[in-house]
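Hello,

Here is the structure I promised to pass on. Please open it and keep it beside you while you read my notes.

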Amino acid sequence: MLRDAAVVVEGTRIAAVGAYRELRAAHPGAELAEVHGVLYPGFVDCHTHAVFGAPRLDDHERRALGEDYKAIAAQGGGILQSVADVRARPPAELVTLTRERVATLLAHGSTTIEVKSGYGLELEAELKQLRVIREVAASVPATLVPTFLGAHEVPPEFRNRRADYVRLVCEEMIPVVARERLAVACDVFCEPGVFSVAEARTVLTAARRHGLAVKLHADELDGSGGAELAVEVGAVSADHLVAVSDAGVRALAHGGTVAVLLPATLVFLGRRRPAPARRLVEQGAAVALATDFNPGSSPTVSLPLVAALGVSQLGLRHTEALTAITVNAAAALGLAGERGQIAVGFAADLVACDVSDWREVAYWLGPNRVSAVWTAGSACFVPRGPISLGPHVEA
Ligand SMILES: [Zn+2]
């Protein structure tokens, strides 16, 4: 951490970082933006499902009455409810909804945001979601990283012929998505009762053949060797990992796959068993945190809230939580060399928070302490007024 520091931005990149006095003397004509508080690298939200229609309040109420996630899904709630919604909703409405959500994520400091499809589960509806992401990306100052998640669930019309659906994903959807460059990565929900390890391997192998990066929803509920598969296929990330096996932890520690943990999802679903964050860190895995922003299991847009849960629910240190929403989250998107650090040559994506101690990024549960955001060197968000929550010490 630097005090009385300055960052020099040239164009869209960081040109220098160091002591204010020296950098001001070296760049006397530079336009100045003064920050009181703490300046962080722009946060990287490496796992969201931000393209959806309505929130799923019925699911939420059913859970309050004691039904669990899988029972609700079996009765037509869960992901399939969002699928019916997205299939029926005109693209223009999805663009408007998604643009507003991305603006809110950005206002909470996320400057690079991964966004998945996966509520279409048929060629045209999956393409519709990915085109919505492309359209929104062109009109917001955040960087959106699109991921194809056609294997999010088996759609109802393929219930009794799963192999046909896997074939459809591999032979019809992936080639079009890759050809039209609508996604940079392909994801699969690898979980007993959703897609098996063998099915996930088939989908991810097809994706790699078409030049897409790969990642997995792995070992979220019961676990089945998803983490081991992620390392085997060279995935950029394995996400969730609540039920990861010891062998899976070892594989992640020795492989190049980032372990993405999603503690807000556990809190929202009322689950008491957390992912083994400390074991992952101590054995040498790179741990990232993400919102998992989605209407069914994680309706939050705040990475700082997730970082606070990383400390309180997963036992991460504050340094680890901050690394998990910046450096490691960038690595989970294959962007380790250009995002997530305030360093020379990196994208000039910066977040100022109105706080007096850098650890406050992983402390406040809910209130937004972000006071300004820059992406690609340009100011893009300044809230209406300061938010005061305690004694103010200027740093
Ligand atoms: Zn997810």
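This is a predicted model: local features need pLDDT of at least 70, side-chain atom pairs count only at pLDDT 80 or more; totals for chains, interfaces and linings use all residues.

First, the core. The largest nonpolar core has 124 residues. Val203, Ala259, Ala288 and Ala307 have the most contacts inside it. Helix H13 (residues 303–314) gives the largest share of this core, with 8 residues.

Take a look at Val203. Leaving aside residues up to four places away in sequence, Val203 touches Ala151, Val166, Val169, Cys170, Cys186 and Val188.

Next, strand S8 (residues 213–218). Is S8 enclosed or open? Of its 6 residues, 6 are buried, so S8 is largely enclosed by the rest of the structure. Check both faces. Ala213, Lys215 and His217 are buried on one side. Val214, Leu216 and Ala218 are buried on the other.

Now the neighbours of S8. Strand S7 (residues 185–190) runs parallel to S8, and 6 bridges join them. Asp187 has Lys215 in S8 as its bridge partner. To get from S7 to S8, the chain passes through helix H8 (residues 197–209), in a right-handed β-α-β crossover.

Strand S9 (residues 237–240) also pairs with S8. These two run parallel and are joined by 4 bridges. Leu216 has Ala238 in S9 as its bridge partner. Here the chain crosses from S8 to S9 through helix H9 (residues 226–232), and this β-α-β crossover is right-handed.

Best wishes

Methods. Residues are numbered from 1 along each chain as its sequence is written. A nonpolar core is a set of buried Ala, Val, Leu, Ile, Met, Phe, Trp, Tyr and Cys residues joined through C-beta atoms within 7 Å. A residue is buried if 20 or more other C-beta atoms lie within 10 Å of its own, exposed if 12 or fewer, and partly exposed in between; C-beta atoms are placed from the backbone. Two residues are in contact if their C-beta atoms, placed from the backbone, lie within 7 Å. Two strands pair if DSSP finds at least two bridges between them. A crossover is right-handed if, with the strands pointing away from the viewer, the path from the first strand over the helix to the second runs clockwise.
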